[in-house]
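Welcome, and thanks for taking a look at this one with me.

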Amino acid sequence: MLEKIISGWNSNPDFIKNCNWRIEQECPGHYFDFPPTISHVIKSTLQEMGIQALYAHQLQSWEAVKNGKHIVVVTATASGKTLCYNLPILDTLFHDPNLRALYIFPTKALAQDQKQSLTNILSLAERSLQFSLTDLIGIYDGDTPQARRTEIRQTTRLLFTNPDMLHTAILPHHTLWADFFSNLKYIVIDEIHTYRGVFGSHVANVIRRLKRIAMFYGSQPLFILTSATIANPLELSNRLIGENVSLIDEDGSPKGKKHFILYNPPFLNAPLGIRVGSMTESVRIVSDIIGHNIQFLMFTRSRRSVEHILRYLKPISDSKPGQLRGYRSGYTAKERRQIENGLRAGSIRGVIATTALELGIDIGGIDAVIIVGYPGSIAAIRQQAGRAGRKTSEGLAILVLSNSPLDQYLAQNPDFIFKTSPEKALINPDNLLILLHHLRCAAFELPFKEKDYFGTLDQSTLHALLAFLVDEGVLYASGSKYYWMADKYPAQDVSLRTATADSVLLVMENEVGKKIIGQIDKISAHWMVHPGAVYLHEWDSYLVQDLDLENNIAYLKPFDQDYYTEPRRQDSIECLNIMKEMPVEGGQKSYGEILVTTQLVGYKKIQWSTNAFLGNTELPLPPTTLRTTAFWLSLSENTVEQLLDSGIWRSAPNDYGKSWPRIRDQIRKRDGFQCQGCGALEQNQPFHVHHKIPFKLFALPETANHPDNLITLCPRCHKAAELSVRVRSGLAGLSYLFHHLAPLFLMCDLNDLGSHIEYKCAFANHQPAVIIFEQIPAGIGLCEELFSIYTPLIKSALNRVQECACAGGCPGCVGPSGINDSGAKTETTAILNALANNQQD
């Protein structure tokens, strides 16, 4: 059936013209014999399961771990990474029954799945032994019944958990786990590419605390890490665990033939850059797949989208009872297991899922995968697409692109997906706010001694921070030790997903009652959960009804409309410290520490399906301040003059109406025939009359020509004013591009960054500047990386704006708004050409 639909699409010109179609040919595996020292029980068990040899990366992992090395395994989806850590752990277990191993997975669902996989191996191995092995495995997470927790602490050898449970329930109560920590030999951290940004910075500090406690009990465990393909797996691994790690990336697993299609929906309005929505096209494509009885997965980023797509497919679903299902957070564990088993058995032919099915959960072989819009990272694309044709079978993956600049950039530059990943997973364990949180937690767990270390933090910095905590009143210094003395239990107040302790509770209200669904830091609350905001939580949509800043509560209700919101802010920025700066073609790039004062003045409504602008709403809130880091790019004076003199920015003359000569003379007379900019008086030639808000932004000349919108300027000041409008418009487009393309390189969320433009930036020699700053207090290194990758960022931005087919600006390039919501494509392109030394003739 797969061959039939592929053939049909290939012969359909209306389909093919929207595609970039890549084919990865079948590739044999690289196999090696089991190492001679491996336990005969493991070998015979794996052979009984049909595994007669090891892949190259599995053998390399075995040898590195047996030689006492920490490793990170970076290979494709379904390449057998699980055996890379289970082989050495199980072999040691059979030689040392006291062994303990800790498995850390990013989600409860993945931990449950991997526990089942290991249980299957051990249940077979039990046949050749006289005792039970499956009783040695335990899961300790939020779903673990209280009645079982004591038993798990006492009997479990192989413990499965997640970072949150480790942070709040295991490390603070380590005395209950003394036997476990005393015999801890291995720590597995799976899917480390998910530990990035604030979350990853927190997790790195949790690992610091874990190592400190293990050392207290006399253990120095080996770390075995796994990751999807990213640009910096070694850097991330080293920072995450604070050790030197060996890279295993020679993927020896076999690959079946794979088809990967980038599908860019057709235009609805080419001059405006508006395309058919990605969800609409995805439903059409999947309907065709269902018609060919092909088993498929469809990935979408929101729970709301899962339900919408299921609704669109209801007529088909009704004719195939039980064969089409949704899969998202919010389903019970029992429902999820039923869906997973149905996929493996083939009784369920299609599932529409969120990323809950992305991270390695075993569901067998799937023929086709449809990905609705860019899923947040190249690693996620590869993981989701890797679900198609797992092992050696043929597979089909389709990425249906949205109208965002990042999606449209990938449409024109597919090598970002198919070649070496440009993404870096960045963390900063030494972010001051995050670090202080975990020093409090660590001091509660064990007193600090004079010569103690905390990860890679130098001792002088550590002792300065401990002294600060003494002054704060939570630590007590006695002799050479620091003791916890506060009444509270610090871990319970530290979320691993925010940088600050001062947080706002998110309370969902419906007909059933009230429920706390999460929390966010208070700094972010102003722009994320202001009244009227559409807030996504676990990819479900909520409408914010009220924000109570006095009691730190936001009230939300479930929301099911086709739009999202973006805050309209007025930012003022003060530079506190320039840490790096360097001249570049056409200007200067800089990196430093800034103070952002933000006033929320309202928000925009934007349609999900098309990214079309739907309108503004006014909403003033009290100002907030954020001390963080920023990257900024300023234009040189010479560049600005060249852009103006080139004529590129000179548009066709406006028709101001028949009354314009009379109105112009009235304004000159009102202003005393004097320039309102520099104060010069008219001499031989009449001065100009300038529109404060550009004429073209008004529907009627009478409104544009109102006296309040007019001012007398001499030719020099008029030129400067017109230049200001053009530069601001171009800077707005450049800022939009930087903001939307940066996540492609930084592996971060769009909301992790803020953007700002200054026509005369005080800390950039009063030159025009675009400023990208981190929305995270003190920053975690995102903007420092932007400083480093400036050249590819500029090239990517120029490519995107040159390749976009729109006339004057659209959601897929410089945004639907430049200056006062007008297009800015010409102005932005001119700036980018100047910066890229690619000026037009």
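**Notes for a first look**

1. Let us start with a helix pair. Val41, Ile42 and Leu46 in H3 meet Leu83, Leu87, Leu90, Asp91 and Phe94 in H5. Sorted by class, the residues where H3 touches H5 are 7 nonpolar, no polar and 1 charged. Please keep in mind as you read on that this is a predicted model.

2. How are these two helices set against each other? H3 covers residues 40-48 and H5 covers residues 81-95; they pack at an angle of about 135°, and their axes lie 9 Å apart. H3 and H5 are therefore oblique to each other.

3. Now for the protein as a whole. You will find 28 helices and 34 strands in the protein. The C-alpha trace spans about 110 × 80 × 55 Å along its principal axes. For 841 residues, a compact globule would have a radius of gyration near 28 Å, and the 30 Å of the protein agrees with that.

4. Of the 841 residues in the protein, 57% are buried. Taking the contacts between residues at least 6 apart in sequence, 71% join residues at least 24 apart.

5. Next, have a look at helix H1, residues 2-10. Which residues of H1 are buried? They are Leu2, Ile5, Ile6 and Trp9. Looking down the axis of H1, these buried residues fall within an arc of 100°, so they line one face of the helix.

6. Glu3 and Lys4 are exposed, on the face of H1 turned away from the buried side. What covers the buried residues of H1? The cover includes helix H2 (13-16), strand E1 (19-24), strand E11 (258-263), helix H12 (278-291) and strand E18 (395-400).

7. Arg149, Ile152 and Arg153 are buried in H7. Seen down the axis of H7, its buried residues fall within an arc of 95°, so they line one face of the helix. Ala147 and Gln154, on the other side of H7, are exposed. Among the elements that cover the buried residues of H7 are strand E6 (137-139), strand E7 (158-161) and helix H8 (163-170).

8. Here is another helix pair to compare with the one in the opening points. Helix H10 (residues 197-216) packs with helix H11 (residues 233-241) at an angle of about 50°, with the axes 7 Å apart. That angle makes H10 oblique to H11. H10 brings Gly200, Val203, Ala204, Ile207 and Lys211 to the contact, and H11 brings Arg239, Leu240 and Ile241. By class, the residues of this contact of H10 with H11 divide into 5 nonpolar, 1 polar and 2 charged.

9. Is Gln384 buried or exposed? Its relative accessibility is 2%, so Gln384 counts as buried. The C-alpha atom of Gln384 is separated by 8.5 Å from that of Ala397, and these two residues are 13 residues apart along the chain.

Terms used: Residues are numbered from 1 along each chain as its sequence is written. This is a predicted model: local features need pLDDT of at least 70, side-chain atom pairs count only at pLDDT 80 or more; totals for chains, interfaces and linings use all residues. Side-chain values use heavy atoms; hydrogens and water are left out. Axes are lines fitted to C-alpha atoms, for helices over the stretch in contact, and angles run from 0 to 180 degrees between N-to-C directions. Helices (H or I, at least four residues) and strands (E, at least two) are DSSP runs, numbered from the N terminus. Angles under 35 degrees count as roughly parallel, over 145 as roughly antiparallel, 65 to 115 as roughly perpendicular and the rest as oblique. Contact means heavy atoms within 4.5 Å. Ala, Val, Leu, Ile, Met, Phe, Trp, Tyr, Cys and Pro count as nonpolar, Asp, Glu, Lys and Arg as charged, and the others, Gly among them, as polar. Buried means under 20% relative accessible area, exposed over 50%, partly exposed in between (1.4 Å probe, protein chains only). The arc is that of the directions from the helix axis to the C-beta atoms. The radius of gyration is taken over C-alpha atoms; the globule rule is 2.2 Å times the number of residues to the power 0.38.
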